[in-house]
Amino acid sequence: MSTKISPEDLITLQSAKDQMNNIGWAMQGLNKIGNVIESKLLLLPKKQQHWLEQLSHKVLITVVKSNLLSMKKSKVTTTPWNKTYKTLVTSSGIVGGALGATAFAADLTLTTKLMMRSIMDIARNEGEDLSTLDTQLACLQVFALGGKSKHDNTLDTGYYAARVATSSAVKGGAKALEGFIVGSTNPLLQLISTIASRFSLQVSEKFVAQAIPVAGAVGGGAINLAFIQHFQTMAKAHFSIRRLERVYGEALVQKAYESLV
């Protein structure tokens, strides 16, 4: 194992860090209505906030059941189908936007399932083995990354801090996931709850944004497009870093990552 990261790989690492940090309001295409979103988020009733947290948790469980073990593991690595998934997710948002807030849960469920498949596609392209539970759980972990929000100051959302926050649950969840997929009642509460607490930040912002009468169905499509673009960016950065860790070791890559501006 090399003890020095090559200049080319340092460029890759710098790019990944820039992608992780350059988020703020995650859906950057909606910056023009960011102040409206912020004010409305602060006014969300506690009951509605709790519903959004529960919905995030439920959606992630659905994703684990339906997606994690469903993609073809033996498929030859190809360029990720980012555009295809963007089109599907945008279409879901158009339908959800046309139907209004009542369709939010259904739209979020479909959007998240499609985003997970896109994340797994990106992981495979970065050399990950989708047949391993470590990779499958790392895909789920993407929903906890890059979630820095000005509406929540209690979470350390730095990349490695977020990984540490979920790593113990990931390591302890492998056998539980196997049972869960085949019908066990164990819902991997520790892992999914940890990730859902972070994912719900973006879900809350998505909910408020879709409640603003921007342009009906067109607005719903734009919000979903921004949503998947965000998580595709997080996945690309995350699995680029994991690829470098397989070459140089996690400790060396983390040290280099943290030394970068």
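These exercises, with worked solutions, concern a predicted model of a protein chain.

**Exercise 1.** State what secondary structure the protein chain contains and how much of the chain is buried.

Solution.
- Step 1. The chain has 10 helices and zero strands.
- Step 2. Along the sequence, the pattern is therefore written α-α-α-α-α-α-α-α-α-α.
- Step 3. Of its 261 residues, 49% count as buried.
- Step 4. The exposed surface comes to about 12400 Å², and carbon and sulfur atoms supply 58% of it.

**Exercise 2.** Describe how helix 1 and helix 10 pack.

Solution.
- Step 1. Two packed helices are described by the angle between their axes and the distance between the axes.
- Step 2. For helix 1 (residues 7-21) and helix 10 (residues 250-259), the angle is about 60° and the axes are 10 Å apart.
- Step 3. The crossing of these two helices is right-handed.
- Step 4. Helix 1 contributes L10, L13, K17, M20 and N21 to the contact, while helix 10 contributes V253, A256, Y257 and E258.
- Step 5. Sorted by class, the contact of helix 1 with helix 10 has six nonpolar, one polar and two charged residues.

**Exercise 3.** Is V261 buried or exposed, and which residues does V261 touch, leaving out those up to four places away in sequence?

Solution.
- Step 1. V261 lies in the segment after helix 10.
- Step 2. The relative accessible area of V261 is 88%. Exposed means over 50%, so V261 is exposed.
- Step 3. Leaving out residues up to four places away in sequence, V261 touches Q14 and D18.
- Step 4. V261 and Q14 are 247 residues apart in sequence, but their C-alpha atoms are 8.2 Å apart in space.

Technical notes:
Residues are numbered from 1 along each chain as its sequence is written. This is a predicted model: local features need pLDDT of at least 70, side-chain atom pairs count only at pLDDT 80 or more; totals for chains, interfaces and linings use all residues. Side-chain values use heavy atoms; hydrogens and water are left out. Axes are lines fitted to C-alpha atoms, for helices over the stretch in contact, and angles run from 0 to 180 degrees between N-to-C directions. Helices (H or I, at least four residues) and strands (E, at least two) are DSSP runs, numbered from the N terminus. A crossing is left-handed if the near helix is turned anticlockwise from the far one by less than a right angle, and right-handed if clockwise. Contact means heavy atoms within 4.5 Å. Ala, Val, Leu, Ile, Met, Phe, Trp, Tyr, Cys and Pro count as nonpolar, Asp, Glu, Lys and Arg as charged, and the others, Gly among them, as polar. Buried means under 20% relative accessible area, exposed over 50%, partly exposed in between (1.4 Å probe, protein chains only). Accessible areas come from the Shrake-Rupley method with a 1.4 Å probe; for residues, only the protein chains shown count as cover.
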